[in-house]
Amino acid sequence: MLDVAWLSALLGGALIGASASLLWFASGRVAGISGILAGLIAPTAAESGARWELFFVLGLLGGGVLLRVLAPETLGDAPWSTLQLVVAGFLVGAGTRLGSGCTSGHGVCGISRGSRRSIVATLVFMATAMLTVFVLKHVLGWGR
Amino acid sequence: MLSRLLALTAGLAFALGLGIAGMTRPANVIAFLDVTGSWDPALAFVMMGAVGVHALALLLGRRRTRPLLEPRFETPSKAGIDARLIAGAAIFGVGWGASGFCPGPALVALMSFSPSVLAFVPAMVVGTATVQRVSSRVRAQI
């Protein structure tokens, strides 16, 4: 299974890229999940009726249901303490809003556009994520 | 209507892509980020695949002046590489490394109702809402 991990990663990534392209050329919107979520939490523009972001998120949730039914092994658990998950969740929510993007917004959409902002942001969050794993796993010995 | 249906489809495809790619398994993500330990580079191919397809699509469609269903394309931020960007990215990275979840996979995994995702997602929403509120207050005072 591990031998083809890179292949399924590549194909999954291609599907992500395709969905971002669909959203862009059909609707002119960036498939940046943190931004889409932010648009639902605090809408900036007045829009009547259900916003498109809601439908995108419903699609995400629906996809989750499909995965759960068809390929439950693709959904993994994060067996960390509740405190760690709550703090991590807050940091992800806050950081992505402050930095205006996440792995999809900056990493996929921004980099594909050649945005220097996104390239820098991606390098920064990759670095701090790797550093965090290093500290938690190898310095503090968690998750062993 | 069509626009919303399209958004739904895009979200669905995105979720399936994340699942196939292995991004919805925090253990995979941590293994990718564990560069000094048992490093699993598989997830590097996710970004390669995604950027490969999307960058090509953008290149092929670069002459389009407007999207199909909407009057205009979303305009990207005009801000430069500022402190907000760096700080935000840094903070996001810490949260991502500490959980293995980033926003997309977390929402996709929400339907598994696992305790971990039920703890993560509300906290993520609060984090975003907090920054939004503080930002608008700061802007109101300037």
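## Basis

Residues are numbered from 1 along each chain as its sequence is written, and chains are lettered from A in the order in which they are written. In this predicted model, local features need pLDDT of at least 70, side-chain atom pairs count only at pLDDT 80 or more, and totals for chains, interfaces and linings use all residues, while side-chain values use heavy atoms, without hydrogens or water.

## Helix H3 of chain B

H3(B) runs over residues 44–60. Helices are DSSP runs (H or I, at least four residues), numbered from the N terminus. H3(B) has 17 residues and spans 24 Å from first C-alpha to last, close to the 24 Å expected (1.5 Å times one less than the number of residues).

Its buried residues (under 20% relative accessible area, 1.4 Å probe, protein chains only) include Val46(B), His54(B) and Leu58(B). Their cover includes H1 and H5 of chain A and H1 of chain B.

## Arg29(A)

Arg29(A) sits in the loop between H1 and H2 of chain A. Arg29(A) is buried, at 15% relative accessible area. Beyond neighbours within four places in sequence, its contacts (heavy atoms within 4.5 Å) include Trp24(A), Trp52(A), Glu70(B) and Glu74(B).

## Nonpolar surface patch

Leu54(A), Leu58(A), Met1(B), Leu2(B), Leu5(B), Leu8(B), Leu68(B) and Leu69(B) form a nonpolar surface patch. Together they have about 750 Å² of accessible area (Shrake-Rupley, 1.4 Å probe). Patch residues have over 30% relative accessible area and no salt bridge, with nonpolar side chains joined within 5 Å. A salt bridge puts a Lys or Arg side-chain nitrogen within 4 Å of an Asp or Glu carboxyl oxygen.

H1(B) gives the most, with three residues. Leu8(B), in H1 of chain B, is partly exposed at 31% (between 20% and 50%).

Terms used
Helix = DSSP H or I, 4+ residues; strand = E, 2+ residues; numbered from the N terminus. Patch = residues over 30% accessible without salt bridge, like charges linked within 9 Å, V, L, I, M, F, W, Y side chains within 5 Å.
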